[in-house]
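This report describes selected features of one protein structure, taking strand pairing, charged pairs, aromatic rings and backbone angles in turn. Please keep the sequence and the structure at hand while reading.

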Amino acid sequence: MAQFRMNGSRMLAVDLAGETIRALNGSMVAYEGQMAFKRQGMTGGEGLRGALKRRIAGEGITLMEISGQGTVYLASQATEVTLVPLNGDTLFVESESLLAIEGGLQTGVHFVGLRGMGTGQGLATTKVEGHGLVAILSDGPAIALEVTPQMPLCVDPHAYVAHHGQLQQDVVTDVNWRTVLGQGSGESVQFRYQGHGLVYVQPAERGGMLEI
């Protein structure tokens with residue numbers, strides 16, 4: 001089995017003994033041993049149907065297959081790397097925040113409808129499911145916030161990275177007289193999570209804040 005391990009906080013080291021993993025295209029910064037790299041092209045390993053869904057939804061992901069004997073080092077623009085273990089459950093993650101997945105994990109498209117219209121981040125997000133490790137990227141250390149039935153969580157869409165567990169995601173808007181008068185918090189569109197699980201956020205906003 002491929003071994004994922006951190007090499008500092010911004011680089012992932014993967015030890016391979018004949019296994020194959022998938023990683024963000026162009027994320028290899030170094031390797032030791034014998035490695036083969038194969039770009040997965042338009043299908044991203046999901047088949048033509050998956051590629052069509054991504055094109056329709058505006059969700060882009062470009063992965064490559066890495067196989068061989070040795071160690072490969074992965075990173076992307078000096079962003080922080082966090083390892084998320086999956087045990088038969090599903091991780092929903094922004095495609096730009098996905099660095100690498102173990103070979104036994106499957107990726108797909110999860111449509112989220114109005115979320116994309118409210119945030120400008122597309123109509124879908126990427127889902128990863130199965131058993132294994134997922135390496136995700138964040139601008140600054142990713143922070144895992146727990147959601148319980150008694151304590152829903154609201155998140156700025158530009159700070160959202162990923163989530164998993166038994167969670168329902170909704171879009172909420174804060175349009176009231178303060179917002180109209182320009183005295184609102186600046187966080188007019190938010191994601192609200194209810195149920196039980198973890199939401200990963202980053203201590204920075206991608207693309208700035210969005211108000212409606």
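## Burial and the aromatic residues

A residue is called buried when its relative accessible area is under 20%, exposed when that area is over 50%, and partly exposed in between. By this rule Tyr160 is buried, as is Tyr193, and Phe191 and Tyr193 are both buried as well. The model is a predicted one, and the values that follow should be read with that in mind.

A pair of aromatic rings is described by the distance of the centres and the angle of the planes. With centres within 6.5 Å as the requirement for a pair, the count of aromatic pairs comes to four. In one of them, the ring centres of Tyr160 and Tyr193 lie 6.1 Å apart and the planes meet at 15 degrees, so the pair is stacked. Because Tyr160 belongs to strand E11 (residues 160-173) and Tyr193 to strand E12 (residues 189-201), this pair ties together parts that are 33 residues apart in sequence. Tyr160, Phe191 and Tyr193 together form one aromatic cluster.

The hairpin of E1 and E2 has five residues between the strands, and in it Gly8 takes a positive phi near 80 degrees.

Strand E2 (residues 12-24) also runs antiparallel to strand E4 (residues 63-74), to which it is joined by 11 bridges; here the bridge partner of Thr20 in E4 is Ser67. Strand E4 is paired in turn with strand E3 (residues 28-39), again in the antiparallel sense and over 11 bridges, and Tyr31 has Val72 of E4 as its bridge partner. For readers who trace side chains along these elements, in a regular strand the side chains alternate between the two faces of the sheet.

## Salt bridges

How many salt bridges does a search of the whole structure find? The search finds two. In one, the side chains of Arg5 and Asp15 meet with an N to O distance of 2.8 Å. Since Arg5 lies in strand E1 and Asp15 in strand E2, the pair ties together parts that are 10 residues apart in sequence. Arg5 is partly exposed, with a relative accessible area of 35%, and Asp15 is also partly exposed, with a value of 23%.

Another salt bridge is formed by Arg10 and Glu80, whose closest N and O atoms are 3.1 Å apart. Arg10 is placed in the loop between E1 and E2 and Glu80 in strand E5, so this pair ties together parts that are 70 residues apart in sequence. Arg10 counts as partly exposed at 44% relative accessibility, whereas Glu80 is buried because its relative accessible area is 11%, which is under the 20% limit.

## Surroundings of Glu80

The side chain of Glu80 takes part in a polar contact of 3.0 Å with the side chain of Ser9, and in a polar contact of 3.1 Å with the side chain of Arg10. When neighbours within four places in sequence are left aside, the residues in contact with Glu80 are Ser9, Arg10, Ile136, Leu137, Ser138, Gly140 and Pro141.

Most residues other than glycine have a negative phi, and most peptide bonds are trans. Against that background, Gln77 has a positive phi of about 50 degrees although it is not a glycine, and Ala78, likewise not a glycine, has a positive phi of about 60 degrees.

Where do these residues lie? Gln77 is placed in the loop between E4 and strand E5 (80-93), and Ala78 is found in the loop between E4 and E5 as well. Gln77 is exposed, because its relative accessible area is 76%, while Ala78, at 47% relative accessibility, counts as partly exposed.

Definitions and conventions
Residues are numbered from 1 along each chain as its sequence is written. Side-chain values use heavy atoms; hydrogens and water are left out. Two strands pair if DSSP finds at least two bridges between them. Helices (H or I, at least four residues) and strands (E, at least two) are DSSP runs, numbered from the N terminus. Rings of Phe, Tyr and Trp (its six-membered ring) pair if their centres lie within 6.5 Å; planes under 30 degrees apart count as stacked, over 60 as edge-to-face and the rest as tilted. Buried means under 20% relative accessible area, exposed over 50%, partly exposed in between (1.4 Å probe, protein chains only). A polar contact is a pair of N or O atoms within 3.5 Å; within protein, one must be able to donate a hydrogen and the other to accept it, and residues adjacent in sequence count only if both atoms are side-chain atoms. Contact means heavy atoms within 4.5 Å. A salt bridge is a side-chain nitrogen of Lys or Arg within 4 Å of a carboxyl oxygen of Asp or Glu.
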